[in-house]
Amino acid sequence: MFQLGKTIVSEAIIEKDFVCNLSACKGACCVDGDAGAPLTEDEAKILKDIYPKLKPFLRKAGIEAIEKQGTSVVTVFNEIETPLINGADCAYVIFDNKKTALCGIEEAYNQGEITWKKPVSCHLYPIRVKDYSEFSAVNYDKWEICDDACTLGKELGVPVYKFVKEALIRKFGEDWYMELENVAEKHK
């Protein structure tokens with residue numbers, strides 16, 4: 001672990017390799033598990049505001065889940081997440097013709113209907129950020145459904161932090177990311 005500003009960062013994000021391999025995993029991270037994507041209060045408000053523009057991009061089951069539960073939900077731990085369809089798929093998940101899970105929010109963004117790409121927690125994956133009162137913990141989330149992504153990342157020589165560069169800059173800023181790159185270079 002090392003400190004960058006008000007973050008404590010796991011060395012795994014500079015030591016491990018990762019490149020999403022959707023052809024292998026089919027977007028399993030969006031449909032497996034027992035929780036929705038973590039959201040900030042601001043992101044929950046954004047989802048509520050843009051929902052009318054998102055709705056045409058979503059599946060019927062996703063629309064039903066959102067209209068029953070809301071555009072976001074608050075867990076028993078008082079955390080905000082995306083709603084799920086029957087406790088599994090994220091309500092914002094759509095599928096392409098190869099049955100690969102994709103983000104309906106990101107599709108609306110790619111089509112120019114909205115200006116918000118997707119929740120930062122999704123954009124950062126496989127990095128998870130946990131905010132505490134004095135600092136944020138930045139960790140690599142190892143999940144066996146991403147083994148193919150680890151293999152591809154190793155083949156291509158892409159460390160986790162480089163794979164999620166845009167998301168890390170979005171979350172922490174350009175200066176923070178440049179400091180991270182410096183640490184990574186020294187760590188080699």
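**Helix packing, aromatic pairs and sheets**

Colleague: How do the axes of helix α9 and α10 cross?
Modeller: In this predicted model, the axes of α9 (residues 165-172) and α10 come within 7 Å, and they cross at roughly 125 degrees.

Colleague: Which residues of α9 and α10 make the contact?
Modeller: From α9 there are Lys165, Leu168, Ile169 and Phe172. From α10 there are Glu174, Trp176, Tyr177 and Leu180.

Colleague: And by class, what does the contact of α9 with α10 have?
Modeller: It has 6 nonpolar residues, 2 charged ones and no polar ones.

Colleague: New topic. How many aromatic pairs does the structure hold?
Modeller: There are 5 aromatic pairs. One of them joins Tyr125 and Trp143, with an edge-to-face geometry: 6.3 Å centre to centre and 80 degrees between the planes.

Colleague: Where in the chain do Tyr125 and Trp143 sit?
Modeller: Tyr125 is in the loop between α6 (120-124) and β10 (127-131), while Trp143 is in the loop between β11 (136-140) and α7 (147-156). The pair links distant parts of the chain, 18 residues apart.

Colleague: Is Tyr125 buried or exposed?
Modeller: Tyr125 counts as buried, because its relative accessibility of 9% is under 20%.

Colleague: What about Tyr161 and Tyr177, how does that aromatic pair look?
Modeller: That pair is tilted, at 6.1 Å centre to centre with 40 degrees between the planes. Tyr161 lies in helix α8 (residues 160-163) and Tyr177 in helix α10 (residues 174-187), so the pair ties together parts that are 16 residues apart in sequence.

Colleague: Are Tyr161 and Tyr177 buried or exposed?
Modeller: Tyr161 counts as buried at 3% relative accessibility. Tyr177 also counts as buried, at 1%.

Colleague: Let's move to the sheets. In what order do the strands of the open sheet of 4 strands run?
Modeller: The order is β1-β2-β11-β10, and the pairing is mixed. β1 (2-4) and β10 stand at the edges with a single partner strand each, so one side of each is left without a neighbour in the sheet. From one strand to the next, the twist averages 25 degrees.

Colleague: In which sense do β2 and β11 pair?
Modeller: Strand β2 (residues 7-9) pairs with β11 in the parallel sense, over 3 bridges. Ile8 has Ala137 in β11 as its bridge partner.

Colleague: Which strands does α9 touch?
Modeller: α9 packs on the sheet and touches β2, β10 and β11. The direction of α9 makes about 15 degrees with that of β10.

Colleague: How do β10 and β11 pair?
Modeller: They pair in the antiparallel sense over 5 bridges, and they form a hairpin with 4 residues between them. Ala137 comes up here as well, as the bridge partner of Lys130.

Colleague: Last topic: what about the open sheet that 3 strands form?
Modeller: Its strand order is β3-β5-β4, with antiparallel pairing. β3 (38-39) and β4 (73-74) stand at the edges, each with a single partner strand, so one side of each is left without a neighbour in the sheet.

Colleague: How many bridges join β4 to β5?
Modeller: 2 bridges join β4 to strand β5 (residues 80-81), and the two strands run antiparallel. Val74 has Ile80 in β5 as its bridge partner.

Conventions. Residues are numbered from 1 along each chain as its sequence is written. This is a predicted model: local features need pLDDT of at least 70, side-chain atom pairs count only at pLDDT 80 or more; totals for chains, interfaces and linings use all residues. Side-chain values use heavy atoms; hydrogens and water are left out. Two strands pair if DSSP finds at least two bridges between them. Rings of Phe, Tyr and Trp (its six-membered ring) pair if their centres lie within 6.5 Å; planes under 30 degrees apart count as stacked, over 60 as edge-to-face and the rest as tilted. Buried means under 20% relative accessible area, exposed over 50%, partly exposed in between (1.4 Å probe, protein chains only). Axes are lines fitted to C-alpha atoms, for helices over the stretch in contact, and angles run from 0 to 180 degrees between N-to-C directions. Contact means heavy atoms within 4.5 Å. Ala, Val, Leu, Ile, Met, Phe, Trp, Tyr, Cys and Pro count as nonpolar, Asp, Glu, Lys and Arg as charged, and the others, Gly among them, as polar.
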